Amino acid sequence: MREILAPIWSADGDGPQLAENRAPAEDISPWVATMVSIRAPADPGEMVSDGLCNDLTYVRFVFNGLWTAEYPEGKETYQNEALVFGQHSKFMPLTCEGDIMSAGIGLRAGAWHEMTKRSSAEITDRIVRDDLFGLMDEEFRSELNADTTPVRWNLALEEAVRRFVARVQPDPPDPISTAFQRASFEDPMQSLHDFAESQNISLRKLERVVKRDFGVTPRAVMRRARAMDVAALLCGVSDQHEEDELMLRYFDQSHLIRDFTAYFGVTPRRFRDRPRPLLKVTLEQRQARRMQELGEG
């Protein structure tokens, strides 16, 4: 396969645009953090083996390629369907045989709960078949196909969310979760007790809200943020000037290796030595979102 999506957010010479990663339309931005649609045609029988690590819940329509996720109890395959990708407590191995084509919406922390009244903990480390926004409806399927472009896919996704919001009228996400997401970007070493105090809530309430809206404990959210920041650095999609600051989050090299390996299943050195085409997409859009949230974009 061509050097997949690197840089992913551009046109392939004079050809069609390969991907579009952008902020959502303003009217749906209380619930949606990012729009990310990708197309990377592959040769017949070609397979990309990589994985995902999500710090958002994603709603995606995947088509053409045959996607296979690895779970502790076995494997599951997906193709030409609407899916919800939960947040992760650790790296999830994922392969795609054939074309990589995915139209996706990243929901803000807490949006899944407000839209469905379900906890994110129910779908942590899972991909579930759930057509939340009616993407399988004939009208949207006419836009979500290999003959159109990522730009049009994102426009169709926005309209699907817009109709859902008008019909369901969900509340915006819990302000505690919004603040905690920003805190994980800003300083994932900060004291959870201090954060809870800044929000005028108990540590127990913080743990309850974060588990509901992030799918994992507050401590795990911060640990994940540190690991993903280092992974972005290793993939070359973060600000290299941050390297010293990121490394200071760990007591020593063994602490870094232990925490990183616990999340990604390999040491930082082994992680860097292997191509990461799928994961790089997630990390690049996360870094863009992080910079925007911190007012640096």
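The count of aromatic pairs comes to 10. One of them joins Phe 133 and Phe 164, whose ring centres are 5.2 Å apart and whose planes stand at 85°, so this pair is edge-to-face. Phe 133 belongs to the loop between E10 and helix H2 (138-141), while Phe 164 belongs to helix H3, so the pair ties together parts that are 31 residues apart in sequence. The model is a predicted one.

**The six-stranded sheet**

- Six strands make up an open sheet in the order E1-E2-E9-E4-E7-E10, and their pairing is antiparallel.
- The edges are taken by strand E1 (19-22) and strand E10 (127-128); each has a single partner strand, so one side of each is left without a neighbour in the sheet.
- Strand E7 (residues 81-85) runs antiparallel to E10 and is joined to E10 by two bridges.
- Val 84 has Val 128 in E10 as its bridge partner.
- Helix H3 (residues 150-168) packs on this sheet, where it touches E1, strand E2 (32-40) and strand E9 (100-107). The direction of H3 makes about 145° with that of E2.
- Helix H11 (residues 277-293) also has a place here, lying across E1, E2, strand E4 (57-62) and E9. H11 runs at about 145° to E2.

**The four-stranded sheet**

- An open sheet of four strands has the order E3-E8-E5-E6, with antiparallel pairing.
- Strand E3 (47-52) and E6 are the edge strands, each with a single partner strand, so one side of each is left without a neighbour in the sheet.
- From one strand to the next, the twist averages 25°.
- Strand E5 (residues 66-71) pairs with strand E6 (residues 74-78) in the antiparallel sense, over five bridges.
- A hairpin of two residues joins E5 to E6, and Tyr 71 stands opposite Gly 74 in E6.
- E5 also pairs in the antiparallel sense with strand E8 (residues 92-97), over four bridges. Within E8, Thr 95 is the bridge partner of Thr 68.
- H11 packs on this sheet and touches E3, E5 and E8. The direction of H11 makes about 40° with that of E3.

**Helix H7 and helix H9**

- The axes of helix H7 (residues 218-234) and helix H9 (residues 253-264) come within 10 Å and cross at roughly 95°.
- Angles from 65 to 115 degrees count as roughly perpendicular, and H7 and H9 are therefore roughly perpendicular to each other.
- On the H7 side, the contact is made by Arg 223, Arg 224, Arg 226, Ala 227, Met 228, Val 230, Ala 231 and Leu 234. On the H9 side, it is made by Leu 256, Asp 259, Phe 260, Ala 262, Tyr 263 and Phe 264.
- Sorted by class, the contact of H7 with H9 has 10 nonpolar residues, four charged residues and no polar ones.

**Helix H7 and helix H11**

- H7 and H11 pack with their axes 10 Å apart, at an angle of about 110°. That angle makes H7 roughly perpendicular to H11.
- The crossing of these two helices, H7 and H11, is left-handed.
- H7 contributes Ala 225, Met 228, Asp 229, Ala 231 and Ala 232 to the contact, and H11 contributes Leu 283, Arg 286, Gln 287 and Arg 290.
- By class, five nonpolar, one polar and three charged residues make up the contact of H7 with H11.

**Helix H6 and helix H7**

- Helix H6 (residues 203-214) packs with H7 at an angle of about 55°, and their axes are 8 Å apart. That angle makes H6 oblique to H7.
- The contact involves Leu 206, Glu 207, Val 210 and Phe 214 of H6, together with Pro 218, Val 221 and Arg 224 of H7.
- By class, the contact of H6 with H7 has five nonpolar and two charged residues, and no polar ones.

Methods
Residues are numbered from 1 along each chain as its sequence is written. This is a predicted model: local features need pLDDT of at least 70, side-chain atom pairs count only at pLDDT 80 or more; totals for chains, interfaces and linings use all residues. Side-chain values use heavy atoms; hydrogens and water are left out. Axes are lines fitted to C-alpha atoms, for helices over the stretch in contact, and angles run from 0 to 180 degrees between N-to-C directions. Angles under 35 degrees count as roughly parallel, over 145 as roughly antiparallel, 65 to 115 as roughly perpendicular and the rest as oblique. Contact means heavy atoms within 4.5 Å. Ala, Val, Leu, Ile, Met, Phe, Trp, Tyr, Cys and Pro count as nonpolar, Asp, Glu, Lys and Arg as charged, and the others, Gly among them, as polar. Two strands pair if DSSP finds at least two bridges between them. A crossing is left-handed if the near helix is turned anticlockwise from the far one by less than a right angle, and right-handed if clockwise. Rings of Phe, Tyr and Trp (its six-membered ring) pair if their centres lie within 6.5 Å; planes under 30 degrees apart count as stacked, over 60 as edge-to-face and the rest as tilted.
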